[in-house]
Amino acid sequence: MQNSKSQAQPWFKKIGTTGWIFIGLVLGIIVGVLCNVFVPNESVLFTYGVNGVCYVVGKGFIRLMQMLVVPLVFCSIVCGAASMGSGAMLGRVGGLTIVMYILTTLVAITLALGVGFLVNPGIGLDLGSIAQVELKTSASTSVADTLLNIIPSNVVDAMANGTMLQIIFFALVLGFLLGKLGTRVDVVNRFFHQFNDIMMSMVSLVLAVAPIGVFCLIVNTFSNLGLAALFPLAKYVGGTYIGLFVQLFITYLLLLALVARVNPLRFFRKMLPVMGFAFATSSSNATIPLNMETLEKKIGVDPQISSFTIPLGATINMDGTAIMQGVAVVFAVQAFGIDLGFSGYLTVILTATLASIGTAGVPGVGTIMLTMVFQSVGLPVEGVSMLMGVDRLVDMGRTTINITGDAVVTTCVARINNMFNRDLFNKSDGDTGQDSGSTSAPTAA
């Protein structure tokens, strides 16, 4: 009975949220371009439809996303840092894993900014008339002041003003202390985890109306700009994938060759099914079991390592997401005609790197985290809404890089700690299937 009911579900439920958001983008582009060409700016339809209903609904959706940022980021990072603060993660393996995860994310966001300025995704698009820009940072701010401003003098004030780096800093300190105190603060730990669950449910609620919000925002944008906004979106998607490929074939290749000292091409060939699964599902969490199994039975990583580093990586290591955020920042900077200055880009790098700790491996949260990165330097959130429509195209690639980065770091950590079976790694896939059981059985026992 249950199977027949699930098979007979309405067709519109099978499309999914991301599918409907993409449909909202396409319909918004079509309607917006038609309005731009055929509807006069002084007409009733343009005044009350485009600049009335679409404007109000679109701005309302923007406010819903902004509403989630501070509580979601704070609770997510507290929970993530609390899990890292336990005794098992303070040892050699845990410390090395966390450092490598943070460094690869740092490289990813820096690389993304460089690729963004190479591709120039926002050039030719003028969004300055759509949103007012109020920068929170300026080019005159020194690097020293930028670093000092990470430490909040008043946590409540930081939360009220949405000063994201200060919120992240306090959340990290609080989370580490909760992890260190352990069972003595179980009540507080449960509160943050339960509140985080509530915020995740609220994300799902907001995403349920995202197709309508995206449609209205895109109609309003393309009605004023016409087809001029289409090419920059294509450059944003292309620029993001360039950054993902560079991270995969340069950063990860060098780590595998120099740190893990394995053949990178053999590694990627053995990981190809996992990468394909991640690309299809766009879910880091759903890929965890297959990723661990491949690392243990084909790559040769000791299960004691992979069982710790892969779930941890799915929580705190988001290289692909960081690349998307970097290119998106450049898109918004160029589209709105903003000069962030060196300190502004430094803030973006720090925010995106630290935010990876709080980015859950489920659909939708990456957009909220991108909103947080935009708010950290005062970029208009309207830029995020434009990118939401093509997020599904980007999400598949960035999830693939997310889980591959976890596997690369795991292999490096296993090699450094002499918990890596090189003979198993060097076997062909056909031979691996025969011996994988005997290799992992003694460890399981």
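Visitor: What percentage of the 445 residues in the chain is made up of buried residues?

Guide: The model is a predicted one, in which local features need pLDDT of at least 70 and side-chain atom pairs count only at pLDDT 80 or more, while totals for chains, interfaces and linings use all residues. Residues are numbered from 1 along each chain as its sequence is written, and side-chain values use heavy atoms, with hydrogens and water left out. A residue is called buried when its relative accessible area is under 20%, exposed when that area is over 50%, and partly exposed in between, using a 1.4 Å probe and protein chains only. By that rule, the buried part of the 445 residues in the chain comes to 54%.

Visitor: How many helices and how many strands does the chain have?

Guide: Helices are DSSP runs of H or I with at least four residues, strands are runs of E with at least two, and both are numbered from the N terminus. Counted in this way, the chain has zero strands, and its number of helices is 21.

Visitor: Which residues does F267 touch, not counting residues up to four places away in sequence?

Guide: F267 is one of the residues with the most contacts inside the largest nonpolar core. Contact means heavy atoms within 4.5 Å, and with residues up to four places away in sequence not counted, F267 touches L256, I299, A407, V408, T411 and F425.

Visitor: How do the axes of helices α11 and α15 stand to each other, and what is the handedness of their crossing?

Guide: Axes are lines fitted to C-alpha atoms, for helices over the stretch in contact, and the angles between N-to-C directions run from 0 to 180 degrees; under 35 degrees counts as roughly parallel, over 145 as roughly antiparallel, 65 to 115 as roughly perpendicular, and the rest as oblique. The axes of α11 (residues 230–260) and α15 (residues 319–336) come within 9 Å and cross at roughly 140°, so the two helices are oblique to each other. A crossing is left-handed if the near helix is turned anticlockwise from the far one by less than a right angle, and right-handed if clockwise. The helices α11 and α15 are thus oblique, and their crossing is right-handed.

Visitor: How do the residues of the contact of α11 with α15 divide into nonpolar, polar and charged?

Guide: On the α11 side the meeting residues include Y236, G239 and Q247, and on the α15 side they include D319, I323 and F331. Ala, Val, Leu, Ile, Met, Phe, Trp, Tyr, Cys and Pro count as nonpolar, Asp, Glu, Lys and Arg as charged, and the others, Gly among them, as polar. The residues of this contact divide into ten nonpolar, five polar and one charged.

Visitor: Which residue is 210 residues from A108 along the chain, and how far apart are their C-alpha atoms?

Guide: A108 has its place in helix α5 and is buried, with a relative accessible area of 0%. Leaving aside neighbours within four places in sequence, A108 is in contact with Q247, D319, A322 and I323. The residue 210 places away along the chain is M318, and the C-alpha atoms of A108 and M318 are separated by 9.1 Å.

Visitor: Is L118 buried or exposed, and what is its relative accessible area?

Guide: L118 lies in helix α5, and its C-alpha atom is separated by 8.4 Å from that of G239, which is 121 residues apart from it along the chain. L118 is exposed, and its relative accessible area is 70%.

Visitor: What is the relative accessible area of T410?

Guide: T410 is found in helix α19 (residues 391–416). Leaving aside neighbours within four places in sequence, T410 is in contact with Y101, L295, V301, I305, S306, T309 and I310. T410 is buried, with a relative accessible area of 0%.

Visitor: In which loop is N418 found?

Guide: N418 has a positive phi of about 55° although it is not a glycine, and at 70% relative accessibility it counts as exposed. The place where N418 is found is the loop between α19 and α20 (422–426).

Conventions:
A nonpolar core is a set of buried Ala, Val, Leu, Ile, Met, Phe, Trp, Tyr and Cys residues joined through side-chain atoms within 4.5 Å.
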